[in-house]
Amino acid sequence: MFKRSDFPDDFIFGVATSAYQIEGSSFGGAGSSHWDTFANTPGNIVDGSDGAVACDHYNRWEEDLDLIRDGNFDAYRFSTSWARVMPDGRNVNAEGLDFYDRLVDGMVARGLKPVLTLHHWDLPSPLASQGGWTNRDIAGWFTDYARAVMGRIGDRVAMTATLNEPWCIAYLAHFLGAHAPGLRDIRATGRAMHHVLLTHGTAIQAMRADGHDNLGLVLNFETAAPASDSEADRKGAETQDAIYNRWFLDAAMGQGYPAEALEGFAPHLPEGWEQDMEIISTPVDWLGVNHYTRAHYRHIGGAWPQTEMVPGPLPKTQIGWEMRPDGLYEFIMRAARAIEGKGIKLFVTESGMAWDDRVVDGGVADDVRQGYIRDHVGAVQRAMAKGVDVKGFFQWSLLDNYEWALGYGPRFGIVHVDYETQKRTPKGSYLMFREALSR
């Protein structure tokens, strides 16, 4: 069992959430986001639900911050909703900024470090109607939004990330079609893959010019393994690794786009994309590593990238993701090599698992999650023992919440939420953290 005293004094333990998944998009003058319209299209969400109420965090934020404080955590990684701050994507909704002002003040009053993510996927619908991430103008739209948010709460946040998981914003949403806006179009994907990084770099430069510091980017990493020892499967896994992991990390660190991914995307990138690479590689102060699972790829031929995912051999979570803590260790080491000599701090910004948790006799005995957490914190310790200066670990997630296209079925939280009554029940994993962080 880990304990706080095993880590350096400045190591941060926190929990993470995202705005659309917990706040409730129908409150506080929020506008429609493309997740609202995606969810209201039949067949897109497993249980036909949406984020209109979610966990009612907009009205219950004080109770939720108390849970974080009482769990002995140091920090809260949260996101602001672009559609709440700017319902039309361009003009500020004062009620929205007021909410985040109160929320950040509440964190500070409880001794919590506010760790801000400016975009966790809720793009205002009016901007989606203008092409969203396929439109180069989004770099300017987002920068205006970032400046508005930071102008209001930037004096109190400890760390700020531009974007959460660009692979999901671009590839999962535009190529695989599993997330809003639900496209399956390689041309749209190529543009989104580029514009999401251009937007990041442009916003970093603007916030830096406005005097803000401790600015970063949060990337998700997933092991791409070949389904067999065949040359075709091995090449397919390398291609998927280039798309999922290397595209964003390499470009942000000034290494350009990997050849294995350019093989498919080059014809579909916006004209003159090469001229943007200097902006994309604008230096950051910190990098966030999100990691959950490993995927196995089998070569199937046909259109690029000529692969499909097949189940792997390890035990699975509620949603079929392999549980493999070695992957977190490997990506910490990989990220550390990528940022070596750049003065960039490294954090694990998401680690967690879904399980079908039930309240029994007033409690939730999530023993599998507790083991998962111990193993993944152990992976961080292994990396630190190898000399990697990891600065923090954020558990995903504080609350059970709206799990995007999977609706309200999967439960990732260390606190159980009854979606009918909104009652919060700390799980065994929450109690485990509370004890570990007191020692």
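Predicted model: local features only at pLDDT ≥ 70, side-chain atom pairs only at ≥ 80, totals over all residues.
User: What does Arg110 pair with?
Analyst: Its side chain forms a salt bridge with that of Asp66, at 2.7 Å from N to O. Arg110 sits in the loop between α5 (94-109) and β3 (113-119), while Asp66 belongs to helix α3 (residues 57-70), so the bridge ties together parts 44 residues apart in sequence.

User: Is Arg110 buried or exposed?
Analyst: Arg110 counts as buried, with a relative accessibility of 17%, because the cut-off for buried is under 20%. Asp66 is partly exposed at 24%.

User: Switching topic: which side chain meets Arg136 in a salt bridge?
Analyst: That of Asp276, at 2.8 Å, N to O. Arg136 is in the loop between α6 (125-128) and α7 (138-153), and Asp276 is in the loop between α11 (259-265) and α12 (277-280), so this pair ties together parts that are 140 residues apart in sequence.

User: And how accessible is Asp276?
Analyst: Asp276 is buried, at 5% relative accessibility. Arg136 is partly exposed, at 41%.

User: What about Lys427?
Analyst: The side chain of Lys427 meets that of Asp357 in a salt bridge of 2.6 Å, N to O. Lys427 lies in the loop between β11 (424-426) and α15 (428-436), and Asp357 in the loop between β8 (345-351) and α14 (367-385), so parts 70 residues apart in sequence are tied together. Lys427 and Asp357 are both buried.

User: Which residues are linked in a network of salt bridges?
Analyst: Asp98, Asp101, Asp105, Arg152, Asp155 and Arg156 are linked in one.

Definitions and conventions
Residues numbered from 1 in each chain as written. Heavy atoms only, no water. Salt bridge = Lys/Arg side-chain N within 4 Å of Asp/Glu carboxyl O. Helix = DSSP H or I, 4+ residues; strand = E, 2+ residues; numbered from the N terminus. Buried < 20%, exposed > 50% of the residue type's maximum accessible area, 1.4 Å probe, protein only.
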